Amino acid sequence: MQIIAGIDIGGTKSAVSFARYADGGIEILDKVKRPTKTDDYRSAFEEYIGIIQTQLKTNPDWRLCSIGISCGGPLDAEKGVIMAPPNLPKWDNADIFTPLQNAFRVPVMLQNDADACALAEWRLGAGKGTKNMVFLTFGTGMGAGMILNGQLYQGSTCMAGEVGHIRLEKDGPYGYGKNGSFEGFCSGGGIANLGRMKAKEALEHGIVPSFCKSMDRLSEVDCKKIGRALEEGDATAREIFDIVAEYLGRGISILIDILNPDMIVLGSIYARQKDALEPGMQAVIAREALAASGRVCKIVPATLGEMIGDYAAVSVGMKAYDDFYR
């Protein structure tokens, strides 16, 4: 049985998934989770190699055919080098191709997490069957993975898709090194910053938001608390998400005008708060985007849910196999 291994590397946790092709998609056969060894990438990859070797011994009918790795950037996907992502600051210029290729002699591919998730949603999720698709992470940060003309597009230095860096206002919540950036308005961190700003304003006017009942609790405000307050009918939380919807629409309108995609797939926060965000977002797109491009672009939540990291890493492995044997 041909098996693909996918290594999903996060700042606190990692997972090694094992999958096979099945009925036009993939079937996850097993997964092994471990805390990420953030202090030493060499010992981390020794652990990943050990996990794969143990699974191959335990399952003698498995034949490993490729390995995919999904990790936060910046990284050099062509050389297989992870270049000190913010959540892994001690992984400086980590060469991950050499140990894996020496151990298993199979195709290995590395992609940043946004590109890996784009591959997964395009191959297996909401974007299946599209030709031009953009995946927006819309989680802790705001990044994009882009499938253009049926191919993953990464740019000259694998830095394409850093849409969170786009400035949408001169001033505003801070994100990705800028106040008023797309990530500043539309990410978990950005929503938390915006929430603190709006909670402070409300408290100064004698209004007590349910997610922040006093000035000394401003530092405790986060996206999840604001989301819960929204669901409970809190007016300040509603104002915050109306602002997020406005700037989500502005950012997406830029992508629609430049890329003319069939579909934009939105991750984490949009999947949880679609009802709150969609009307305002669509109103802005109708106003801002080119009408002909806006009409053909479907905007949908990601469908792979909590397993998207597993499917993303495996999808990178699928691409490694396809590119090598094509």
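Accessible areas here come from the Shrake-Rupley method with a 1.4 Å probe, and for residues only the protein chains shown count as cover. On that basis, the accessible surface of the chain comes to about 14,900 Å², with 50% of it belonging to carbon and sulfur atoms.

The structure is a predicted model, in which local features need pLDDT of at least 70, side-chain atom pairs count only at pLDDT 80 or more, and totals for chains, interfaces and linings use all residues. Residues are numbered from 1 along each chain as its sequence is written, and side-chain values use heavy atoms, with hydrogens and water left out.

## The chain as a whole

Let's start with the overall build. The chain has 10 helices and 15 strands; helices (H or I, at least four residues) and strands (E, at least two) are DSSP runs, numbered from the N terminus. Its radius of gyration is 21 Å, close to the 20 Å that the globule rule gives for 326 residues, so the chain is as compact as a globular protein of that length. The radius is taken over C-alpha atoms, and the globule rule is 2.2 Å times the number of residues to the power 0.38. Along the principal axes, the C-alpha atoms fill a box of roughly 65 × 50 × 35 Å.

Of the 326 residues, 54% count as buried. Buried means under 20% relative accessible area, exposed means over 50%, and partly exposed is in between (1.4 Å probe, protein chains only). A contact means heavy atoms within 4.5 Å. Among contacts between residues at least 6 apart in sequence, 61% join residues at least 24 apart.

As for charge, the chain carries 35 positive and 40 negative side chains, and the centres of the two sets lie 1 Å apart. Lys and Arg count as positive and Asp and Glu as negative, while His and the chain ends are not counted. Each charge is placed at NZ of Lys, CZ of Arg, CG of Asp or CD of Glu.

## Two nonpolar cores

A nonpolar core is a set of buried Ala, Val, Leu, Ile, Met, Phe, Trp, Tyr and Cys residues joined through side-chain atoms within 4.5 Å. The largest one has 47 residues, and those with the most contacts inside it are Leu-136, Phe-138, Leu-248, Ile-252 and Ile-264. Elements that give two or more residues to this core include strand E9 (133–136), strand E10 (144–148), helix H5 (188–204), helix H7 (235–259) and helix H8 (268–288). H7 gives the most, with 11 residues.

Beyond the residues up to four places away in sequence, Leu-248 touches Phe-138, Met-142, Phe-182, Cys-186, Leu-266, Tyr-270 and Met-281. Apart from this core lies another, of 33 residues, among them Ala-5, Ile-51, Leu-88 and Val-108.

## Some residues to look up

The table gathers relative accessibility for a handful of positions.

| Residue | Relative accessibility | Class |
|---|---|---|
| Pro-85 | 1% | buried |
| Ala-202 | 8% | buried |
| Glu-183 | 16% | buried |
| Asn-260 | 39% | partly exposed |
| Asn-149 | 56% | exposed |

Pro-85 sits in the loop between strand E6 (81–82) and strand E7 (94–95). Leaving aside neighbours within four places in sequence, Pro-85 is in contact with Cys-71, Gly-72, Gly-73, Pro-74 and Trp-91. Pro-74 itself is in the loop between strand E4 (63–71) and strand E5 (75–76).

Glu-183 belongs to helix H4. Not counting residues up to four places away, Glu-183 touches Gly-141, Met-142, Gly-164, Gly-175, Tyr-176 and Gly-190. Met-142 is also among the residues that Leu-248 touches.

The C-alpha atoms of Ala-202 and Gly-24, 178 residues apart along the chain, are separated by 53 Å.

Asn-149, in the loop between E10 and strand E11 (151–153), has a positive phi of about 55° although it is not a glycine. Asn-260, in the loop between H7 and E14, has a positive phi of about 50°, and it is not a glycine either.
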